[in-house]
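Biologist: Can you take me through this model? I'd like to hear what stands behind each label.

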Amino acid sequence: MLKERVREDVLTLVDSLNFAQKVERSLDLISDAYREYGDRLVVANSLGKDSVAVWHLAKRVSPSIGGFIVTTRYKPAETVEFMHQQVALYPELRVFKNDSPQPEKLYLTDPDLCCNNLKVQPTREAVQAMDVDCWVTGLRCTEGRTRTDFQEVEERDQDLLKLNPILLWHEREVWQYLALHQVAVNPLYAQGYRSLGCAPCTAISTGPDERAGRWLGTSKCGGECGIHTRPLKASGSLALPIAPIEISR
Ligand code: SF4
């Protein structure tokens, strides 16, 4: 069982495995999880390069694997357009969004609350609506300072396993995979972005920290929106003050 995997030194594995070994390992992880969880395994697709790589890997394991996208009112036009293209290609991608009112420019005064309202809560809604017991993410341990302490298989949330099948991949290896398989990516990458989020909270950055352009100039700089750090299953969640919805496709 996946839950019984022993904790590994992922930072050592990042540099000891080659690209082909990492791809095989990722496919094995998704295959094992799909065998164990079936339709209760779902891919979270943020429309970034890591997510589309994981989505492609999952589709190689089984075309039947489903997924969800969480979008917000602040996503760049390019991301919204890319989302429509992906949903047209893969109707099994369900889209969740929270359009409930909140204070204007909350992302400036309280980005944690804004992310909680617009990202974490719709993710909880997706987990609940799709009856998810295992969600699959594109999280990687070399992306930035907040991502070094994750494992490929995690159970931070009661009754919800999280699979991070490309945890060990370098940024270069993600691009290598996408190029080799000719996977379409969000056009914002052509402008120089390396990590994509909402427009007001995403800047082009250089340097070793891939996520340094996220929430630039705030205490949350290079940080997390909360979907990887907060409980997602209703039983372990905070009360939901506003209601996210699944939007039409
Ligand atoms: S990334 Fe910014 S705009 Fe988007 S939900 Fe978080 S704080 Fe709000």
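Biologist: How many cavities of 30 Å³ or more does the count come to?

Modeller: Two cavities of 30 Å³ or more. A cavity here is a set of points, on a 1 Å grid over the protein atoms alone, where a 1.4 Å probe fits but cannot get out; lining residues have an atom within 4 Å of a point. Before we go on, this is a predicted model: local features need pLDDT of at least 70, side-chain atom pairs count only at pLDDT 80 or more, and totals for chains, interfaces and linings use all residues. Residues are numbered from 1 along each chain as its sequence is written, and side-chain values use heavy atoms, with hydrogens and water left out.

Biologist: How much space lies in the largest cavity, and what lines it?

Modeller: About 480 Å³, where a volume is the space filled by probe spheres set on the grid points, joined across faces, edges and corners. Its lining has 29 residues, with Ser46, Ser51, Leu196, Ile227 and His228 nearest the centre. Helix H3 (49–61), strand E2 (66–71) and H6 each give at least two residues to that lining; helices (H or I, at least four residues) and strands (E, at least two) are DSSP runs, numbered from the N terminus.

Biologist: What about the volume of the second largest cavity?

Modeller: That one is about 100 Å³. It is lined by 14 residues, and closest to its centre are Cys114, Cys115, Cys198, Cys201 and Trp215.

Biologist: Where does the ligand sit?

Modeller: In the second largest cavity. The term applies if more than half of a molecule's atoms lie within 2 Å of the grid points.

Biologist: Why does Pro101 count as exposed?

Modeller: Its relative accessibility is 73%, so Pro101 counts as exposed. The cut-offs are under 20% relative accessible area for buried, over 50% for exposed and partly exposed in between (1.4 Å probe, protein chains only). Pro101 is in the loop between strand E3 (93–97) and helix H5 (106–109).

Biologist: Why is the contact of Arg5 and Glu152 called a salt bridge?

Modeller: The term asks for a side-chain nitrogen of Lys or Arg within 4 Å of a carboxyl oxygen of Asp or Glu. Arg5 and Glu152 come to 3.2 Å, N to O, so they pass. Arg5 lies in the segment before helix H1 (10–16) and Glu152 in the loop between strand E4 (134–136) and strand E5 (153–157), so the bridge ties together parts that are 147 residues apart in sequence.

Biologist: And are those two partners buried or exposed?

Modeller: Glu152 counts as buried at 3% relative accessibility, whereas Arg5, at 34%, is partly exposed.

Biologist: How do you know that Asp99 and Lys97 form a salt bridge?

Modeller: By the same test: their closest N and O atoms are 3.5 Å apart, and the limit is 4 Å, so the pair qualifies.

Definitions and conventions: On a 1 Å grid over the protein atoms alone, a cavity is a set of points where a 1.4 Å probe fits but cannot get out, and a pocket is an open set with protein on both sides within 12 Å along at least five of seven lines; lining residues have an atom within 4 Å of a point.
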